[in-house]
Amino acid sequence: MTSYTIQEINNLLKGELIGNTTQPIEGPEQLQNAKKQHITFIGSHKYVKYWADSKASAVLVNDNLTVVPDENRAVIKVKNADLAMAKVLELFNPPAPAFESDIHPTAVIHETASIGEGCKIGANCYVGKNVSLGKGVILYPNVCVFDETTIGDHTIVWSGTVIRERCIIGNHCIFHTNVSIGADGFGYRPSDDGRGLVKIPQIGNVIIGHHVEIGANSCVDRAKFSSTIIGDGCKIDNLVQIAHNSVMGRSCIMAGHSGLAGSVTLGDGVIIGGSASIKDHTTIHSGATVGAGSGVMNDVPAGQTVLGYPAQDSREMLKQWVAMRRLTKK
């Protein structure tokens, strides 16, 4: 089992070590679940009170908090405990599942496909006609990559993911299990005779930038024409829907169960809370935040935070909620 001394961990973090512990650290754990072999973290005043009863031998704390070590327990003060804990997690991160061979014999790879140096392709994968995989791409078992798709260097695609034809994927992306990239957008119109719906062909593709991570069971639909675009550095949670012709800027965040309807545009650094829904043809400008569970019906200015259904400026919405509560108490 891997273990580190508190001094070794502090050398990595370059924090301020207060107190000491001789207990080898065997991993990180939540404050209230930690045992003596664990290191934990405190990033907020409201959790300081739990330190006294925690069994952890060490704790990472924000440098604006006062946490006192006691016998054989240590405190490491850092600028940001969340980011410091991320470094500790990397120390104890188990290795990824191993490949016995770089390309499994059950994988089906079209003769026209281009496979970059150092790629690994697992059991029962399918790589279609004229697909291009960059250097170090990893396809875990049961991944399908359809014709004329390009995947950049060192992208990791987990099992069950399907990447449809003509999509373009950047470098250093991570797609978790059962992601769908490039399925048809949701396009239908009433038929002329009024007896049903006519499917609108979706002939575009999906373009995904570099360093994008997409969570399990999320979907990015292909465009009706041109492209659905996910910008560099975007992070998308599980069970997220991104509809046809939507465009996301750089470093946007979408939490679980949220969704963009067709032709939504996000600027850079937009944050979409869990279960929020964005109406079609809406623009959310750079730096804006949409609160969890909100329904956005109109454009959102840059830097604004909106809440509610329909979503409004967060301060105005909170005032309305307070007023409603006062009325119901009378």
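Which strands does H2 lie across? The answer is E2, E3, E4 and E5, with H2 running at about 160° to E3. This is a predicted model, where local features need pLDDT of at least 70 and side-chain atom pairs count only at pLDDT 80 or more, while totals for chains, interfaces and linings use all residues. Residues are numbered from 1 along each chain as its sequence is written, and side-chain values use heavy atoms, with hydrogens and water left out.

A quick word on labels: helices (H or I, at least four residues) and strands (E, at least two) are DSSP runs, numbered from the N terminus.

**The five-stranded sheet**
- Five strands line up as E1-E5-E4-E3-E2 in an open sheet with mixed pairing; two strands pair if DSSP finds at least two bridges between them.
- At the edges sit strand E1 (16-19) and strand E2 (27-28), each pairing on one side only.
- Strand E4 (residues 58-62) and strand E5 (residues 74-78) run parallel, joined by five bridges.
- Ala 58 stands opposite Ala 74 in E5.

**Helices H1 and H2**
- H1 lies across E1, strand E3 (38-42), E4 and E5, and runs at about 5° to E5.
- Axes are lines fitted to C-alpha atoms, for helices over the stretch in contact, and angles run from 0 to 180 degrees between N-to-C directions.
- The axes of H1 (residues 6-13) and H2 (residues 81-92) come within 10 Å and cross at roughly 125°.
- H1 and H2 are therefore oblique to each other (under 35 degrees counts as roughly parallel, over 145 as roughly antiparallel, 65 to 115 as roughly perpendicular and the rest as oblique).
- Ile 9, Leu 12 and Leu 13 of H1 make the contact with Ala 84, Lys 87, Val 88 and Leu 91 of H2; contact means heavy atoms within 4.5 Å.

**An aromatic link**
- There are six aromatic pairs in the structure; rings of Phe, Tyr and Trp (its six-membered ring) pair if their centres lie within 6.5 Å, with planes under 30 degrees apart counted as stacked, over 60 as edge-to-face and the rest as tilted.
- Tyr 4 and Phe 92 have ring centres 5.4 Å apart and planes at 90°, so this pair is edge-to-face.
- Tyr 4 is in the segment before H1 and Phe 92 is in helix H2, so the pair ties together parts 88 residues apart in sequence.

**The 11-stranded sheet**
- Another open sheet, of 11 strands with mixed pairing, has the order E8-E11-E14-E17-E22-E25-E28-E31-E34-E36-E37.
- Strand E31 (residues 271-272) and strand E34 (residues 289-290) pair in the parallel sense over two bridges.
- Ile 271 stands opposite Thr 289 in E34.
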